[in-house]
Amino acid sequence: FFSWIPIMLIIPLKASTRCDLKAELIKWLDGPDEDSLVNPMAYVSVRPDFKSKDCYKEIQRLASLRNCLSDAITIPNSHKHALDDFALKDSHEYHAALLQFEKHGFPTTDEVSNLKLEWRACEGGTKECHGSLVWDRGCTLWNIGALESFMASIQPHDKEGRKLVVKHSQNASAAMVYLQSAVQGQTFEGVDLSLASIKFWEKAMLAQAQMAAYEMASSSSKHALQSYLAMGAVGLWNEALTLSQDPLLVSALPKLMLDAGVQCKAFSMMLAARAEYHQAMESRGAKDWGVEIARLETASDKIKECIDFYRKSDMEVAQVEAIQRFIDDRKDRAIQENRLFGEEVPKSLPPIQAHVVVKSNAPMPESMTKTKIPMFVSLRRK
């Protein structure tokens, strides 16, 4: 019954185009004031009150980090190569560095910037260019979530592996929460950093973490707990399914969203059947034979619906059919045993409680907010 191994969802990567960020930042910082006035008549400059010579090492370091990431992340599915090239660690450091640059007055809107920061869309490779460091930081947050989702997908299918799936999936979901906050009020052309896209991946990664939490509990005999955890995942997968059907996502990313939506629904249906089975085993332990049969009958109906959906979606059904046989075998034996007890089988059952144990509101780790070597120290001494 517990041999089901789900296929994990992985967020595709965004690849950036190499640029001479050092030269561009120096030009922006040291250029004539009239090139960066919010209102030339009022003569209000948007530049900081220092020059590139005061922060040359910081500019050089930021540019170096961006180039390293451009070399490591080249295509949407280059997760393994990127991780082998320390892209997750470098993305954390780059994010922390960008925060420092934004704090010290570097451009956060296109209107006041001559920078050309180009990234490619996850699907189709369409290029989008902006001058805002917030744009670069948003794309970096996206990739942090993508790399965490990939790390979740490669863990072994044992208890320790499921713990790591919970950890990395929660990290991926949290990255989407940070991203939503970072790009609030910003306008981008592509769909990747749209609110609809961010919310979908946030919820899908959270559902994935909850599903792994349920799998962690599968070796225990606490069927009530397993049932509640499974139903918690059902609710999250249903929310993700609804978000995957957003008109913007469906029109811009038809195949990606169709495939993701199918996975969301398949997970939801499977876990709903499992929750009913666990409730049946809980009733059996309480010698509530009639309720056990009713729950097994419901589980059997749900798993049959799941198999029908798998077949319509051209998904592999062997594992699901094995679960169906397991449930039906248990149901047949329960019916035989109840001939001795003669308990009435209820026509209706109360809903199963959902218990969500995962979260996406974890505080941002220090590695994403504080650079390894302090930046702009010389400016603080002035």
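Strands β3 (residues 117-120) and β4 (residues 127-130) pair in the antiparallel sense over 4 bridges, where pairing requires that DSSP find at least two bridges between two strands, and where helices (H or I, at least four residues) and strands (E, at least two) are DSSP runs numbered from the N terminus. The model is a predicted one, in which local features need pLDDT of at least 70 and side-chain atom pairs count only at pLDDT 80 or more, whereas totals for chains, interfaces and linings use all residues. Residues are numbered from 1 along each chain as its sequence is written, and side-chain values use heavy atoms, with hydrogens and water left out.

Within this hairpin, Arg120 has Lys127 of β4 as its bridge partner, and 6 residues lie between the strands, with Gly124 taking a positive phi near 90 degrees.

Helices α2 (residues 56-72) and α4 (residues 87-103) have axes that come within 10 Å and cross at roughly 145 degrees, the axes being lines fitted to C-alpha atoms over the stretch in contact and the angles running from 0 to 180 degrees between N-to-C directions. The contact (heavy atoms within 4.5 Å) involves residues of α2 including Ile59, Leu62, Leu65 and Leu69, which meet residues of α4 including Tyr94, Ala97, Leu98 and Phe101. The residues of this contact divide into 11 nonpolar, 1 polar and 5 charged, with Ala, Val, Leu, Ile, Met, Phe, Trp, Tyr, Cys and Pro counted as nonpolar, Asp, Glu, Lys and Arg as charged, and the others, Gly among them, as polar.

Helix α12 (residues 318-341) has 24 residues, which at 1.5 Å a residue should span 34 Å, in agreement with the 35 Å between its end C-alpha atoms; the expected span is 1.5 Å times one less than the number of residues. Among the buried residues of α12 are Val320, Ile323, Ile327 and Ala334, and the buried residues of this helix pack against α10 (254-285) and α11 (289-312). Just after α12, Gly342 takes a positive phi of about 65 degrees. Helix α7 (residues 195-216) is mostly covered, with 19 of its 22 residues buried.

Overall, the secondary structure of the chain comes to 13 helices and 4 strands, and 53% of its 382 residues count as buried.

Notes
Buried means under 20% relative accessible area, exposed over 50%, partly exposed in between (1.4 Å probe, protein chains only).
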